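User: I am new to this structure and would like to learn how to read its features one at a time. Could we begin with a charge and a ring?

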Amino acid sequence: MKREFTNDSMMSELHAIREKHYQQTKPAPATERNRLTRFLSSYGYTLIPTKRGTRKLVRSSE
């Protein structure tokens, strides 16, 4: 936190909210991702990498 905001309660609250949001949305551990991938593939879906570094859920063609 910047020096000028050390005593600002609003900025402290914003940082706390941001940390809480990060904890709720941080990437899942590898075991959880593997379990999700197996679950999706059992229903005929797969995750395809995109150009921007995310993945897209698509129906597998067989």
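Analyst: A charge is said to sit over a ring if NZ of Lys or CZ of Arg is within 6 Å of the ring centre and within 35 degrees of the ring normal. Here R59 lies over the face of Y45, at 5.0 Å from the ring centre. This is a predicted model, in which local features need pLDDT of at least 70 and side-chain atom pairs count only at pLDDT 80 or more, while totals for chains, interfaces and linings use all residues. Residues are numbered from 1 along each chain as its sequence is written, and side-chain values use heavy atoms, with hydrogens and water left out.

User: How many bridges join strand 1 to strand 2, and in which direction do they run?

Analyst: Strand 1 (residues 45-49) and strand 2 (residues 55-59) run antiparallel and are joined by five bridges. They form a hairpin with five residues between them, and G53 in the turn has a positive phi of about 95°.

User: What comes after helix 2, and is G44 buried or exposed?

Analyst: Burial is read from relative accessible area, where buried means under 20%, exposed over 50% and partly exposed in between, with a 1.4 Å probe and protein chains only. Helix 2 is followed by G44, whose phi is positive, near 85°, and which is placed in the loop between helix 2 and strand 1. G44 counts as buried because its relative accessibility is 14%. Although G44 and S60 are 16 residues apart along the chain, their C-alpha atoms are separated by 5.4 Å.

User: How should I read the salt bridge between E32 and R35?

Analyst: Side chains of opposite charge can pair when their charged atoms come close. The rule asks for a side-chain nitrogen of Lys or Arg within 4 Å of a carboxyl oxygen of Asp or Glu, and the count comes to one salt bridge. In that bridge the side chains of E32 and R35 meet at 2.7 Å, N to O. Being three residues apart in helix 2, the two are separated by about one helical turn. E32 is partly exposed, with a relative accessible area of 33%, and R35 is also partly exposed, at 49%.

User: What span is expected for helix 2, and what does the helix reach?

Analyst: The expected span is 1.5 Å times one less than the number of residues. Helix 2 (residues 30-42), with 13 residues, reaches 18 Å from its first C-alpha to its last, close to the 18 Å expected. Helix 1 (residues 9-25), with 17 residues, reaches 24 Å, close to the 24 Å expected.

Methods. Helix = DSSP H or I, 4+ residues; strand = E, 2+ residues; numbered from the N terminus. Pairing = 2+ DSSP bridges.
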